[in-house]
Each structure stands twice: as structure tokens, then as C-alpha cells.
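Trainee: I am new to this structure. Can we go through it by question and answer?

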Amino acid sequence: MSVIPLLDSGLRNYLRQVPANSVLHCPGLNPDYAKLWDFSGQGNHGTISGATWTKLPTGIQELSFDGVDDVVNFGSPAILRPTNTAFSFE
């Protein structure tokens with residue numbers, strides 16, 4: 001079983017592919033202990049409080065939440081407010 005390193009440019013390029021009409025796309029690249037970077041082009045970066053970065057075997061980084069008080073605050077830009085449109089969060 002091989003592990004795909006995070007430095008693999010093919011993997012990075014794949015994860016940075018932003019789905020059409022996205023307003024927020026945070027694929028876990030370039031973890032920063034204070035910010036969650038949005039690659040959608042909309043600039044909806046989030047501020048991390050309490051959650052910690054964990055490296056998966058593939059080299060991808062994910063945020064780990066304790067279920068109590070860890071949050072990512074994206075503020076309240078109009079583009080992130082739900083309306084009569086479908087929202088998908090993975």
C-alpha cells in the first residue's frame with residue numbers, strides 16, 4: 001500500500017479544483033494554525049478556535065474538533081448566508 005505525499009503536485013492540483021459555483025472550498029492544503037484558507041476565489045477565509053490540525057496517512061491535513069467549543073468562524077459575509085439555494089458541506 002503506497003501513501004501519496006502531500007508534496008505531490010498532482011494531488012495538490014486535484015484538491016484545489018473548485019466545484020462550479022462554490023462560495024467556500026477548503027481542501028486542507030497548507031494548514032495554518034490560525035486560519036482555514038478558502039480556495040474558491042471568494043476570499044471566505046476562516047479563523048480557527050480550538051480545533052487542531054491532524055495529518056492523515058495520505059499527507060492531507062484535517063481539522064479535529066472536540067465537539068465542545070472548537071469552531072471555525074467565517075464571519076457573516078452575505079455570500080455564506082443560506083437562502084433558497086442548496087447547500088452542500090463535505
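Trainee: Which residue in the turn of the hairpin formed by strand 3 and strand 4 has a positive phi?
Mentor: This is a predicted model, where local features need pLDDT of at least 70, side-chain atom pairs count only at pLDDT 80 or more, and totals for chains, interfaces and linings use all residues. Residues are numbered from 1 along each chain as its sequence is written, and side-chain values use heavy atoms, without hydrogens and water. Strands (E, at least two residues) and helices (H or I, at least four) are DSSP runs numbered from the N terminus. Five residues lie between the two strands of the hairpin, and the turn residue with a positive phi of about 100 degrees is Gly59.

Trainee: Which residue is the bridge partner of Thr52 in strand 4?
Mentor: Two strands pair if DSSP finds at least two bridges between them. Strand 3 (residues 52-55) and strand 4 (residues 61-64) are antiparallel, with four bridges. For Thr52 the partner in strand 4 is Ser64.

Trainee: What is the strand order of the open sheet of three strands?
Mentor: Strand 2 (residues 46-49) runs antiparallel to strand 5 and is joined to it by three bridges, with Ile48 facing its bridge partner Val72 in strand 5. The pairing in the sheet is antiparallel, and the order is 1-2-5. Strand 1 (35-36) and strand 5 (71-73) each pair on one side only, which makes the edge strands strand 1 and strand 5.
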